[in-house]
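These are my notebook entries on a single chain. I set out below what I looked up, entry by entry.

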Amino acid sequence: MRWWDIDPVLELEKDLFPEDAWSRGMFWSELAHSRGAEATRRYVVAEDGDRIVGYAGLTSSGDLADVQTIAVARDHWGTGLGGRLLTELLRAATAFECAEVMLECRVDNVRAQKLYERFGFEPIGFRRGYYQPGNVDALVMRLTDPSSSVVSTESTSVQGTETHG
């Protein structure tokens, strides 16, 4: 993801997460930490032609990484794009030499939970009222050894969709 991707990413963000969408400033802040030798973030976008149809981001600190966001346009749900984005994040976690990857997922987002479970994430707890303003709980999930959990991109390919960092 680059700065010029922020506007189309914001459109998708507001469509998918209308109650708690990230702001332009939040994306700028994350991207500021994603380049150079001291980078601690990795953000990618998926394009179908000239349209951004997905994006994902990860942050790292020491040997721990945290999935910050994964989003896929509604018309690309069920195509494997979420798996491709997660694969890119797990590759980044491996490059950052992280031993564990954590994430929070809405308790009512069963589709996402199943994706994470396919990659080896396990539920370890809850964060009550984590998603605001809807006061929705988050399921906390953890993956140990992300380097052994990357699913082959052939099994999650989406024809005509490219992922760019």
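How many helices and strands does the secondary structure of the chain come to? I count four helices and seven strands, taking helices (H or I, at least four residues) and strands (E, at least two) as DSSP runs numbered from the N terminus. I note that this is a predicted model, in which local features need pLDDT of at least 70 and side-chain atom pairs count only at pLDDT 80 or more, while totals for chains, interfaces and linings use all residues. Residues are numbered from 1 along each chain as its sequence is written, and side-chain values use heavy atoms, with hydrogens and water left out.

Entry 1, the chain. From the N terminus on, I read the order of elements as α-α-β-β-β-α-β-α-β-β-β. Of the 165 residues, 45% count as buried (under 20% relative accessible area, with exposed over 50% and partly exposed in between; 1.4 Å probe, protein chains only). I then looked up contacts (heavy atoms within 4.5 Å). Among those between residues at least 6 apart in sequence, 62% join residues at least 24 apart.

I examined helix H1 (residues 6-16) against helix H2 (residues 24-32): their axes come within 10 Å and cross at roughly 125°. The axes are lines fitted to C-alpha atoms over the stretch in contact, and angles run from 0 to 180 degrees between N-to-C directions. That angle makes H1 oblique to H2, since angles under 35 degrees count as roughly parallel, over 145 as roughly antiparallel, 65 to 115 as roughly perpendicular and the rest as oblique. H1 contributes Ile-6, Asp-7, Val-9, Leu-10 and Glu-13 to the contact, and H2 contributes Arg-24, Phe-27, Trp-28 and Leu-31. I sorted the contact residues into six nonpolar, no polar and three charged.

I checked the length of helix H3 (residues 81-95): at 1.5 Å a residue its 15 residues should span 21 Å, and the end C-alpha atoms are 21 Å apart, which agrees. The expected span is 1.5 Å times one less than the number of residues. H3 is mostly covered, with 11 of its 15 residues buried, including Leu-81, Arg-84 and Ala-93. After H3 comes Glu-97, whose phi is positive, near 60°.

I located Gly-125 in strand E5 (residues 122-131). Leaving aside residues up to four places away in sequence, Gly-125 touches Ala-138, Leu-139 and Val-140. Gly-125 and Val-140 are 15 residues apart in sequence and 5.1 Å apart in space, C-alpha to C-alpha.

Definitions and conventions
Ala, Val, Leu, Ile, Met, Phe, Trp, Tyr, Cys and Pro count as nonpolar, Asp, Glu, Lys and Arg as charged, and the others, Gly among them, as polar.
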